[in-house]
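This report describes one protein model in terms of its fold, its cores and selected residues. The sequence and structure come first.

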Amino acid sequence: LHSAIIEINLYFVIFFFFFKQKTAYEISACLVGSEMCIRDRPKMTKGLILIFATLAIVSSVHGLQNNPLKGANDVKSFFTEIDQHHFGSSLISMLAIHTAAGSPIDQIDVLLAQIRQELVDQQASDDEANRTNQANCESLLAQFDQDRRYHAQERDNAQTRLVETTAALEQAEKDLAATITAIGVNARRLEEGQNQRDAQRREYLVRNDDYETAIKAVDEASTLVQHLRSGSSFAQLKGRFQRVQSQFSESMKNSKHSHLYTPIIASLTQLAAKADQEQVKKILALLADLRSNLVSNKASDQATEEQQAADWARLRADLEAERESLLSRRQSLESAIETYRRIIVESQEAIEYHTVEYEKANDNWNNEFEQCQVLSRQYILVTQARSRELDIISRLIEHFETKLRGLKEYMIERL
């Protein structure tokens with residue numbers, strides 16, 4: 001009994017020096033989530049004294065009589081360590097309040113157990129919320145990343161399409177310029193070919209008229225010579241002879257076969273001076289030969305004319321077909337150029353749009369990632385704080401239960 005009294009006195013001294021100036025306001029704390037706000041209650045100092053007195057008695061009757069200071073020092077160290085934490089300080093204040101109110105120790109133990117269970121439940125709730133947050137974060141980050149990759153791919157595709165279409169447009173414009181040049185060349189060839197053909201035709205018609213006129217003149221001369229051979233006088237045929245000579249002279253000027261006309265004109269001149277049968281026969285032979293040459297040359301010119309006409313018809317058909325092909329190619333190129341320009345505008349708009357959307361998706365991803373990191377850090381901090389609180393309250397419960405078990409064992413042994 002003397003040792004127990006010494007223990008109690010020592011606890012009063014410890015309480016006086018350790019808690020002498022602490023009030024309920026100083027040791028209370030408004031705790032978030034797992035903690036509670038301890039309010040001022042009357043008789044708190046008395047409660048603390050009763051806590052220490054009770055623990056001192058338990059320690060003294062549990063075998064600390066031989067070393068009373070050791071038990072007091074152990075209790076002081078235990079509560080000093082707990083009181084350094086704001087949650088532990090709040091618990092000690094709460095214990096003081098309940099003890100001062102006369103609450104049984106087993107009810108205090110139950111209250112501590114309830115507080116610990118509340119902490120466990122809050123941690124479980126936070127764990128579930130954290131899993132939900134992590135799932136939401138992963139889902140949103142995956143969606144934002146998918147949006148980001150989609151817009152990046154579409155932007156790159158549009159950029160590739162822009163480069164390729166720009167190159168195609170440049171080539172199409174070059175091809176169009178070459179095609180327009182070719183159309184001009186084709187038009188000139190058609191025009192020049194037609195002009196050449198028309199000139200050839202006119203020349204042929206002139207030559208053909210000359211041949212017709214010359215052949216008529218030959219035929220007229222042959223008829224006159226036959227009349228002379230039949231006994232007609234030159235005086236009767238003089239006017240007609242002069243016209244025939246004039247036609248031969250004119251034909252000789254325009255014909256490349258003038259050498260054929262020269263002997264005939266000379267023979268007709270001689271015949272006009274003196275007509276005899278030999279001379280007539282000779283003139284008729286010359287006229288027949290001239291007519292044969294004229295008919296042959298006329299036929300040759302006609303064949304040449306027909307060949308030139310056929311050649312030009314084929315060339316013109318080829319040129320016209322080429323022109324149609326060139327015109328079709330020009331139309332196709334003009335349509336392609338219009339399409340290329342439209343694609344370029346659309347590609348530029350797509351690049352601008354997907355660049356903006358990519359930046360939005362990237363900002364969304366970064367913001368969401370940062371928010372998820374903040375939530376994760378908050379969860380870790382809260383979990384660490386609650387783990388410390390659980391450790392404190394578990395140690396208090398263990399301390400009380402250990403002391404109560406010791407007291408019960410002693411009381412049983414004492415009986």
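## Arg 329

Why does Arg 329 count as partly exposed? The model is a predicted one, and in it Arg 329 has a relative accessible area of 41%. The class of partly exposed runs between the limit for buried, under 20%, and the limit for exposed, over 50%. Arg 329 is therefore neither buried nor exposed, but partly exposed.

Arg 329 is located in helix α9. With neighbours within four places in sequence left aside, its contacts are Asp 175 and Thr 179. With Thr 179 there is a polar contact between the two side chains, at 3.3 Å. Leu 176 lies 153 residues from Arg 329 in sequence, while the C-alpha to C-alpha separation of the two is 8.1 Å.

## Overall fold

The protein has nine helices and zero strands, so in sequence order the pattern reads α-α-α-α-α-α-α-α-α. Among the contacts with a separation of 6 or more, 80% are between residues 24 or more positions apart.

The chain has 415 residues, and 33% of them count as buried.

In soluble globular proteins, nonpolar side chains tend to be buried together. In this model the largest nonpolar core holds 19 residues, and those with the most contacts inside it are Leu 91, Leu 112, Ile 393 and Leu 396. Helices α4 (68-83), α5 (86-100), α6 (105-229) and α9 (277-414) each provide at least two residues of this core. The most come from α9, which gives six residues.

Another core, of twelve residues, lies apart from the largest one. Tyr 211, Ala 214, Val 225 and Leu 284 are among its members.

## Disulfide

How many disulfides does the count give? The count comes to one, joining Cys 137 to Cys 372 with an S to S distance of 1.9 Å. This link connects distant parts of the chain, since Cys 137 is in helix α6 and Cys 372 is in helix α9, 235 residues apart. The angle about the S-S bond is -105°, and the link is left-handed. Cys 137 and Cys 372 are both buried.

Terms used: Residues are numbered from 1 along each chain as its sequence is written. This is a predicted model: local features need pLDDT of at least 70, side-chain atom pairs count only at pLDDT 80 or more; totals for chains, interfaces and linings use all residues. Side-chain values use heavy atoms; hydrogens and water are left out. Helices (H or I, at least four residues) and strands (E, at least two) are DSSP runs, numbered from the N terminus. Buried means under 20% relative accessible area, exposed over 50%, partly exposed in between (1.4 Å probe, protein chains only). Contact means heavy atoms within 4.5 Å. A nonpolar core is a set of buried Ala, Val, Leu, Ile, Met, Phe, Trp, Tyr and Cys residues joined through side-chain atoms within 4.5 Å. A disulfide is a pair of cysteine sulfur atoms within 2.5 Å. A polar contact is a pair of N or O atoms within 3.5 Å; within protein, one must be able to donate a hydrogen and the other to accept it, and residues adjacent in sequence count only if both atoms are side-chain atoms.
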